Amino acid sequence: MAERALDLEAVRAFIRIAELGSFTRAAEALRTTQAAVSLKLKRLEERLGFRLVERTPRYVELSAHGATFLEHARKLIEAHDRAISVVAVARQRLTIGISDHVAGPELPALIGRMNAQDPQLLIEIRIGSSGELLQSFERRELDTVIVRFHAGRSDGEILAEEKFGWFATPGWQHRAGEPLPLATMAEPCGVRAMAGQLLDEAGIPWTEVFVGGGVMAVAAAVMAGLGVAALSARMVPFGAVDVGSRLALPELPRLPIVLHTRVRDGRARDALSALCAAFRSVVRN
């Protein structure tokens with residue numbers, strides 16, 4: 001009697017568990033429940049005859065068999081997807097706008113994860129300010145935007161929240177009696193507006209000494225010793241330190257990362273779910 005074929009959806013679930021290191025995050029990426037993912041893995045392990053994942057209360061780790069099977073599982077899914085793509089009429093396009101304050105150094109890995117989810121999906125990504133991207137979304141120029149919380153809007157899905165701080169170089173000193181020198185993003189920038197408002201409310205004089213067209217430019221100004229910038233810890237270059245407490249600056253709040261999308265189903269939604277799960281994983285870590 002012929003061997004019973006592997007369940008491809010169970011194989012996909014195993015790959016997601018391995019990549020994300022969590023049953024919960026794998027379920028988010030696959031748009032299902034943790035219980036469903038656990039059941040798929042259990043049936044796959046029963047079909048193969050060995051354990052793929054070692055479970056502990058604190059983490060998920062591949063077994064020796066699981067680490068070996070992972071490479072073959074990826075090749076199996078890739079071969080399946082290539083076979084399906086042969087009969088596809090045209091590539092589907094997904095246009096995504098990501099705020100410059102959200103798209104951190106992990107972006108290449110996140111794009112790679114979307115491509116692994118669906119290599120035949122044409123992904124277009126634009127980087128800009130949250131306000132500009134939301135306007136493009138409203139004009140239907142973008143299918144999806146992932147932005148910082150924007151004043152005046154209460155819609156969208158919150159993916160995660162990040163703590164912000166006041167960052168400078170380790171040896172930087174504020175000259176007594178002078179306004180606090182700030183490196184900021186160009187207007188419109190919600191983080192810039194928030195930082196200025198908090199300083200004004202605290203009665204702390206400040207002045208812009210550098211205006212950058214992106215977070216990388218602002219971070220470079222910080223490391224050049226020009227002044228202080230309000231940034232999330234994920235965005236600052238190695239060596240920068242939070243000087244908020246030392247300078248008695250107002251505490252910056254946790255700011256949400258918010259998803260706005262018109263994509264509800266199909267291949268594009270699967271890739272988007274993988275991206276959102278990856279963002280949650282990056283921010284939580």
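Me: What makes the crossing of helix 1 and helix 3 left-handed?
Reply: The crossing is left-handed because the term applies when the near helix is turned anticlockwise from the far one by less than a right angle, and right-handed if clockwise. Helices here are DSSP runs (H or I, at least four residues), numbered from the N terminus. This is a predicted model, with local features needing pLDDT of at least 70 and side-chain atom pairs pLDDT 80 or more. Residues are numbered from 1 along each chain, and side-chain values use heavy atoms.

Me: Why is Ser129 called buried?
Reply: Its relative accessible area is 10%. Buried means under 20% (1.4 Å probe, protein chains only), so Ser129 qualifies. Ser129 sits in the loop between strand 4 (122-128) and helix 6 (130-138).

Me: What makes the pairing of Ser129 and Glu132 a polar contact?
Reply: Their side chains are joined at 3.1 Å. The term needs a pair of N or O atoms within 3.5 Å, one able to donate a hydrogen and the other to accept it.

Me: Which residue caps the N-terminal end of helix 2?
Reply: Ser22 does, with a side-chain oxygen 3.2 Å from the backbone nitrogen of Thr24. Just after helix 2, Arg31 has a positive phi of about 55°.

Notes:
Helices (H or I, at least four residues) and strands (E, at least two) are DSSP runs, numbered from the N terminus. Buried means under 20% relative accessible area, exposed over 50%, partly exposed in between (1.4 Å probe, protein chains only).
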